[in-house]
Amino acid sequence: MKDGALPDAGTPDTEPTALRIGVLGPMEVRERGENRTPSAPMARRALAVLLIHANRLVTTSALIEELWEDEPPRLARKTVQTYVYQLRRALQSASGPSNRLETCPNGYRINLLVDELDLWEFERRVTQARRALGKGDALNVVATLRSALALWRGDPFAGLEAGPVLAARITQISEARISALELRIEAELQLGRHRSLLGELRQLTAAHPVHEEFTAQLMRAAYRADQRSMALDAFTRLRRNLVEDLGIDPSERLQKLQWDVLNETLEPDQPAARAEPVALTTPATVPTRPEPAPLAPAGAAPAAALAAHPAAGHRPPAQLPVDTADFTGRRAELARLEELAQPAAGARSAPRIVTVLGGAGAGKTALAVHAAHRLRELFPDGQLYARLHDDDDRPVRPACVLRALLRDLGHPVVDLPDDTEELGRIFRNWSAERRLLVLLDDATSADQVAPLLPGGPGSTVLVTSRVRLPGLPGAATVELGPMETDEAAELFASLAGRHRVGADSAVARQVVRLTGNLPLAVRAAGEKLAARPMWSVTDLAARLAEEDHRIAQLRTGSFDVLARLASACARLDQTAYEALTLLSAAGGEPFTIARAATLLGVDAWSAEMLVGQLLDHCVAEMWHEGPDAVPLFRIPVLTRLSVPVHAPATAALHVLPGARERAVPAAAGTSA
């Protein structure tokens with residue numbers, strides 16, 4: 001018997017039969033070249049169900065469910081018998097076993113020999129190729145896999161309407177083809193055929209725009225062919241497609257590959273192991289081909305695979321963003337955050353949750369990342385990170401975040417379910433006995449965060465948000481307001497250059513007060529002065545003193561204060577946004593609830609609700625108590641200055657009836 005061939009059903013090697021059944025493309029049945037494929041669509045579907053369970057019993061009830069799902073006809077069993085009769089007639093003159101289509105108690109079985117189904121031939125050749133790979137015979141690998149892939153005539157069972165079981169099997173067969181194709185290309189890369197592979201790989205990445213392995217192979221081939229720009233373009237396309245389609249970034253492996261291409265540090269190609277292709281079915285009479293494992297309950301099989309993956313057990317994930325090298329100030333908040341984030345002790349049964357709350361540009365992410373780096377040694381099983389808004393400032397669905405995390409932890413994306421609860425169950429199962437630090441950046445709601453919480457008490461979750469997150473049981477909150485003036489002045493000097501500030505420390509303090517002591521704006525001011533060597537600190541202060549131009553002066557490099565504040569305003573609902581617009585148009589003076597009611601044209605109860613909503617979104621702040629202990633509120637200066645630029649106050653007054661008449665006179669004497 002040839003190497004890799006499969007023994008027949010308990011008999012010596014036999015001559016090939018005249019029957020050939022093809023499923024690697026449109027399903028076809030041929031005997032000695034004659035097409036005997038059933039023509040009736042439902043009979044073809046019944047045959048497909050029998051083929052994916054070849055040499056095994058298929059119960060009548062399973063056939064009925066696959067053919068009609070939840071709406072079987074009244075005489076479904078009689079109809080199945082009719083389809084079986086049609087199939088038996090199509091197969092009756094084929095050579096081979098006389099009981100080709102066998103009636104059994106409670107069902108039917110189609111009996112095939114090992115050389116009668118093209119899928120089994122494909123799998124046999126892939127097995128041979130893997131044996132050759134183990135011997136280092138890349139030439140044999142390529143030749144064998146090319147012959148295996150040549151068996152394909154199109155998509156498996158093409159043109160056939162599929163029920164749930166058949167659809168799942170079709171997906172598995174397609175993945176087996178992709179796996180074999182990856183392995184063949186990998187072997188050709190080992191043979192140094194980088195330039196000749198470029199055209200094929202460009203076609204494959206176009207046909208599979210979110211498939212990371214093909215992109216990785218294209219990047220390696222292009223790099224070895226001295227076409228670094230092609231390699232980097234491939235990564236850019238993959239990242240754009242992943243973000244747009246799935247809301248995730250490329251895996252750490254792909255990001256490292258991009259880094260190696262950029263820095264010309266890519267190591268020589270090494271043979272890479274691949275997962276075995278998934279088999280369609282197993283001839284019950286062939287002992288060397290094990291039965292496929294039964295489907296596990298939702299979440300069980302992926303969790304087991306994840307737990308066993310090398311990445312999950314040997315190299316803890318380390319996903320934290322780079323720490324801020326010049327982190328300054330926030331001493332009290334940092335100490336409080338580190339205290340609350342300590343790993344749980346005692347009888348606690350849930351992870352610790354700490355929310356860092358603050359407005360846009362308050363430095364929430366910088367503080368959380370800085371604290372996370374200081375705490376990372378307390379979490380030996382790794383640190384995970386996820387952004388919860390995409391580049392277009394849209395909330396990322398929890399399912400997308402979970403898929404990205406599980407993928408980075410080593411779980412194949414194709415094995416992951418789509419359901420958020422199932423994904424969360426897999427993640428909780430994996431993390432239950434681990435001590436993890438999870439940083440979730442820029443959350444929009446408790447509903448977005450809850451599915452992302454790890455299982456077990458040993459982990460800590462840091463959540464940054466611009467909005468209060470009621471509904472996270474046991475969560476503690478660290479609130480970030482403006483920086484202390486001394487700390488803000490220290491940050492400004494470190495960015496602008498201490499020699500530039502010199503003896504003008506009092507003017508530097510004036511500069512940071514003009515930015516509202518907002519960390520993002522302080523950084524923008526420091527970067528602006530550093531980029532303008534002809535200016536003094538006094539020059540910068542004079543420019544910032546003009547409210548009409550202040551926001552424009554706070555735009556430099558990656559620091560765009562207006563864009564950040566405008567995005568915070570855009571996250572408000574329409575009524576709250578109009579309230580913010582009207583209150584901003586009234587000037588920078590603190591206001592009471594009664595004054596807000598007058599400006600907004602609503603009653604005191606409605607005004608209190610609207611001001612509370614602005615407080616929750618950190619676009620308004622408690623100022624202090626006025627006479628008779630009446631609370632005073634205000635809109636932070638930079639938020640107030642950004643609102644008219646984002647949308648004029650007089651352009652959106654329809655939700656608050658009567659507000660136009662009150663707002664315009666109030667705003668007439670202001671410089672907003």
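Biologist: Where is serine 251 found?
Modeller: In this predicted model, serine 251 sits in the loop between α9 (228-246) and α10 (252-263).

Biologist: Buried or exposed?
Modeller: Serine 251 is buried, because its relative accessible area is 9% and the cut-off for buried is under 20%.

Biologist: How far apart are serine 251 and aspartate 408?
Modeller: In sequence they are 157 residues apart, and in space 5.8 Å, taken C-alpha to C-alpha.

Biologist: Change of topic, salt bridges. How many does the structure hold?
Modeller: There are 32 salt bridges in the structure.

Biologist: What does glutamate 200 form with arginine 184?
Modeller: Glutamate 200 and arginine 184 form a salt bridge, with 2.7 Å between the closest N and O atoms. Glutamate 200 belongs to helix α7 (residues 194-207) and arginine 184 to helix α6 (residues 164-190), so the pair ties together parts that are 16 residues apart in sequence.

Biologist: And the accessibility of arginine 184, buried or exposed?
Modeller: Arginine 184 counts as buried, at 3% relative accessibility. Glutamate 200 is partly exposed, with a relative accessible area of 25%.

Biologist: Which residues are linked with Arg184 and Glu200 in a network?
Modeller: Arg146, Glu188 and Arg193 are linked with Arg184 and Glu200 in a network of salt bridges.

Biologist: What about glutamate 186, which side chain does it meet in a salt bridge?
Modeller: The side chain of arginine 220, at 2.9 Å from N to O. That pair links distant parts of the chain, since glutamate 186 is in helix α6 and arginine 220 is in helix α8 (residues 212-224), 34 residues apart. Both glutamate 186 and arginine 220 are buried.

Biologist: Now the surface. Which residues form the negative patch?
Modeller: Glu65, Glu69, Asp70 and Glu71 form a negative surface patch. Aspartate 70 lies in the loop between α2 (60-68) and α3 (76-91).

Biologist: Is aspartate 70 buried or exposed?
Modeller: Aspartate 70 counts as exposed because its relative accessibility is 76%, where the cut-off for exposed is over 50%.

Biologist: On to strands. What order does the open sheet of 3 strands have?
Modeller: The order is β4-β6-β5, and the pairing is antiparallel. At the edges are β4 (58-59) and β5 (101-104), each with a single partner strand, so one side of each is left without a neighbour in the sheet.

Biologist: How many bridges do β4 and strand β6 pair over?
Modeller: β4 pairs with strand β6 (residues 107-110) over 2 bridges, in the antiparallel sense. Valine 58 has tyrosine 108 as its bridge partner in β6.

Biologist: And strand β7, how many of its residues are buried?
Modeller: In strand β7 (residues 352-358), 6 of the 7 residues are buried, so the strand is largely enclosed by the rest of the structure.

Biologist: In which sense do β7 and strand β10 pair?
Modeller: Parallel, over 6 bridges, with strand β10 covering residues 460-465. Threonine 355 has valine 463 as its bridge partner in β10.

Biologist: What about β7 and strand β11, over how many bridges?
Modeller: β7 pairs with strand β11 (residues 476-480) in the parallel sense over 5 bridges. There, valine 478 is the bridge partner of valine 356.

Technical notes. Residues numbered from 1 in each chain as written. Predicted model: local features only at pLDDT ≥ 70, side-chain atom pairs only at ≥ 80, totals over all residues. Heavy atoms only, no water. Patch = residues over 30% accessible without salt bridge, like charges linked within 9 Å, V, L, I, M, F, W, Y side chains within 5 Å. Areas by Shrake-Rupley, 256 points an atom, 1.4 Å probe, with all protein chains shown as cover. Salt bridge = Lys/Arg side-chain N within 4 Å of Asp/Glu carboxyl O. Lys, Arg positive; Asp, Glu negative; His and termini not counted. Charge placed at Lys NZ, Arg CZ, Asp CG, Glu CD. Helix = DSSP H or I, 4+ residues; strand = E, 2+ residues; numbered from the N terminus. Buried < 20%, exposed > 50% of the residue type's maximum accessible area, 1.4 Å probe, protein only. Pairing = 2+ DSSP bridges.
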